[in-house]
Structures are given as structure tokens and as C-alpha cells.
Amino acid sequence: MNDPDTVAADSAQGIPTLEFEGTTPYEDYVHASVLTHLQQPYSDDPGEMAFLVTTQVMELWFTLLVHEWRTARDALYKDDTERAMDALRRSLTSHQALNDSWRPIAALTPVQFNAYRTALGEASGFQSAMYRQVEFLLGDKSLSLLQPHKGHPRVHAELAAALAEPSLYDAVLEHLHRQGLPVPQEVLHRDVTQRYTAHPGVEEVWRQVYAGPQHSPLVALGEVLTDIGELVWRWRSDHLLATRRAMGAKAGSGGSPGVAWLEKRATRSVFPELWTARSHV
Ligand code: HEM
């Protein structure tokens with residue numbers, strides 16, 4: 001059964017290849033044996049695995065979003081809107097999958113969560129470096145949030161680079177400027193290491209875009225960004241709800257007041273003028 005001729009014959013009969021010189025090509029590509037051995041629960045509670053795997057899956061979705069939004073940002077700097085729109089549209093389905101990933105842990109009771117909560121110690125999603133990259137690309141920059149990562153030089157260096165780079169929204173606004181829209185100079189020359197704050201001049205730009213032809217590429221760009229803003233808002237809201245169900249008003253493992261802190265974080269607007277401009281169209 002193991003000689004190559006038999007295998008080739010099997011293959012000819014429509015049976016998948018069974019013999020490989022070393023590891024399978026699937027393993028070489030996917031690194032599945034690494035990925036499926038990265039689960040090291042801290043407690044004996046059988047429910048912890050769902051929490052850990054969900055968190056790891058979300059980290060992978062964050063990684064994909066960062067990839068797509070960087071692709072879109074870099075394409076927008078070249079005014080390659082086709083490539084940018086492709087990446088932004090792909091990111092919508094990935095973000096939806098990220099949001100759907102809440103399911104396994106969306107409705108934990110306090111007793112279920114308590115079964116492994118203490119074992120997690122001070123570990124908190126607040127310390128997720130990839131989530132910070134997500135937020136930085138959305139324009140929510142913060143130098144102080146690099147601090148938790150100073151003990152991990154590679155991660156810290158990646159975040160420092162992300163802080164210094166323009167966000168996706170910075171690239172969008174420069175693109176709008178090159179399309180002849182009156183994006184204020186102070187916005188175009190802003191310090192990109194700082195958190196983006198809403199500007200009335202940018203609100204006016206989006207008002208003009210939305211008041212114009214409805215099938216223009218710029219309305220399509222505005223809408224895909226609005227979809228992203230909505231999906232981010234929904235992820236944050238679902239996180240808040242899952243937290244409220246699992247631990248009520250207890251303090252967070254990362255040292256914050258918990259739900260009260262997350263509530264404030266969840267109200268932050270993504271691409272703010274895309275929402276406020278609508279009042280004036
Ligand atoms: C029932 C499960 C969860 C609970 C009870 C919970 C609770 C919390 C709390 C209380 C905080 C505030 C910081 C702190 O003091 O710890 C927080 C932050 C955070 N959590 Fe969770 N979390 C849960 C699941 C997750 C999952 C699966 C992820 C995915 C990676 C995640 C990602 C985050 C992120 C990124 C932050 C920081 C948010 C920000 O900076 O605005 N959480 N979480």
C-alpha cells in the first residue's frame with residue numbers, strides 16, 4: 001500500500017494522496033500542528049477552552065483586519081481605489097466573522113466565568129497588541145498604550161511603527177484632498193502619532209460627497225468605511241454585553257473598573273465625521 005506506484009494508482013482512482021516525503025504540504029502551509037497546540041488552559045475547568053480558543057480566534061481576525069486595512073491604506077496613497085475597495089470590502093466579511101466569534105462566550109454566567117477567572121490573574125484583552133494595531137489603523141492612536149508591551153521588544157517595535165504610520169483614515173482624507181475636496185491643511189499635516197479628532201472641515205467634505213451623485217466612487221468609499229465603523233461599534237457593544245453578563249460590575253482583571261470603563265470605550269466614534277455629516281445632507 002505504501003509504495004509510490006500504489007499511491008499513484010490510488011490517486012488516479014480519485015483517492016487523495018496519502019504518502020509524503022516529510023510533513024504534509026497542508027502542514028507546511030497552514031502550520032496547523034502549531035496552531036492547534038497553542039491552547040494551554042490555566043485551570044482544570046472544561047469551559048476555559050472555549051474562552052481561550054475564542055480569544056485566539058479573535059486575535060487571528062484582528063491580524064487579518066490589520067492586513068486588509070494596511071493594504072487599503074497603502075493603495076489609497078497611490079489612488080488605487082480598486083485595490084483599496086477590494087481590501088475594504090473583504091474586511092467587512094472578516095469583521096462580521098470576528099463579531100460572530102462572540103457566540104461561544106457571549107452568555108457566560110458569573111459562576112461559569114468564575115470557574116477560571118482567578119486562574120487568568122492579571123491577563124486581559126486590554127493587553128492585546130493586535131487589537132491596538134486595529135485601533136491605531138482606525139485613527140485611535142495612543143503612545144501610552146505601548147507601555148504594557150515594553151517587555152516584548154518585537155511586539156513593542158511593531159506597535160511603535162504602527163503608531164508612527166498614518167492611519168487608514170489619514171490615507172482616506174489625503175485621497176479626498178487629491179480628488180479636489182477641501183480637506184483642511186491642518187488635517188492633512190496633522191501629527192499622525194496623535195489620536196484623530198473630528199474636524200468641522202472634514203464633516204463638510206463628507207457632506208459634499210454625500211450630497212453629490214449617489215453612485216460616485218467617493219460615496220461607495222464613505223459607505224464601506226461607515227460599514228466598518230458600524231462593525232467595530234457592534235464588536236465593542238457585544239464585548240460590553242458579554243462582560244456585563246459574565247461579571248456584572250466587578251473590576252476587570254486588567255485593573256480597570258470593568259464594565260463602566262468599557263462603556264466609555266464603546267461610545268468612541270469610528271471615522272466620526274462620516275456619522276455627523278449625515279445631519280447636514
Ligand atoms: C466574557 C469574556 C470577557 C470578559 C468578561 C472581558 C472583560 C474585559 C474587561 C473588564 C476589560 C477592561 C480592561 C480590564 O480591566 O481588564 C476588557 C478589555 C478588553 N478585552 Fe475583554 N473580556 C472578555 C472577552 C474578550 C475577548 C474574547 C477578547 C478578544 C481578544 C477581548 C478583548 C478585549 C480588548 C481588546 C480589551 C481592551 C478594550 C479597549 O482598549 O478599549 N475580551 N475585557
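How many nonpolar, polar and charged residues form the lining of the second largest pocket? Figure 4 gives the answer by class.

**Figure 1. Overall view of the predicted model.** This is a predicted model, in which local features require pLDDT of at least 70 and side-chain atom pairs count only at pLDDT 80 or more, whereas totals for chains, interfaces and linings use all residues. Residues are numbered from 1 along each chain as its sequence is written, and side-chain values use heavy atoms, with hydrogens and water left out. The protein has 14 helices and zero strands; helices (H or I, at least four residues) and strands (E, at least two) are DSSP runs, numbered from the N terminus. Along the principal axes, the C-alpha atoms fill a box of roughly 70 × 55 × 35 Å. Of the 281 residues, 41% count as buried, where buried means under 20% relative accessible area, exposed over 50%, and partly exposed in between (1.4 Å probe, protein chains only).

Figure 2. H239 provides the single protein donor to the iron atom, through NE2 at 2.1 Å. Donors are N, O and S atoms within 2.8 Å of the metal (3.2 Å for Na, K and Ca); water is not among the atoms, so sites may look incomplete. H239 is located in helix α12 (residues 217-247).

**Figure 3. The shell around the ligand.** Among the 28 residues around the ligand, S124, R132, H239, S256 and R265 come nearest; a residue is near a molecule or strand if one of its heavy atoms lies within 4 Å of it. Polar contacts are pairs of N or O atoms within 3.5 Å; within protein, one must be able to donate a hydrogen and the other to accept it, and residues adjacent in sequence count only if both atoms are side-chain atoms. The side chain of S124 places an N or O atom 2.7 Å from an oxygen atom of the ligand. For S256, a polar side-chain atom lies 2.7 Å from an oxygen atom of the ligand, while G254 has a backbone N or O atom 2.8 Å from a ligand oxygen atom. The elements giving two or more residues to this shell are α4 (48-77), α7 (129-138), α12 and α13 (259-266). Helix α12 gives the most, with five residues.

**Figure 4. The second largest pocket.** This pocket has a volume of about 200 Å³. Of its 13 lining residues, D140, R195, Y196, S269 and P272 are the closest to its centre. The lining comprises six nonpolar, three polar and four charged residues. Ala, Val, Leu, Ile, Met, Phe, Trp, Tyr, Cys and Pro count as nonpolar, Asp, Glu, Lys and Arg as charged, and the others, Gly among them, as polar. On a 1 Å grid over the protein atoms alone, a pocket is an open set of points where a 1.4 Å probe fits, with protein on both sides within 12 Å along at least five of seven lines; lining residues have an atom within 4 Å of a point. Grid points are joined across faces, edges and corners, and the volume is the space filled by probe spheres set on the points.

**Figure 5. Two loop residues with positive phi.** H31, in the loop between α2 (25-30) and α3 (32-35), has a phi near 55°. H31 counts as partly exposed because its relative accessibility is 45%. F271 has a positive phi of about 55° and lies in the loop between α13 and α14 (272-276). F271 counts as buried because its relative accessibility is 1%.
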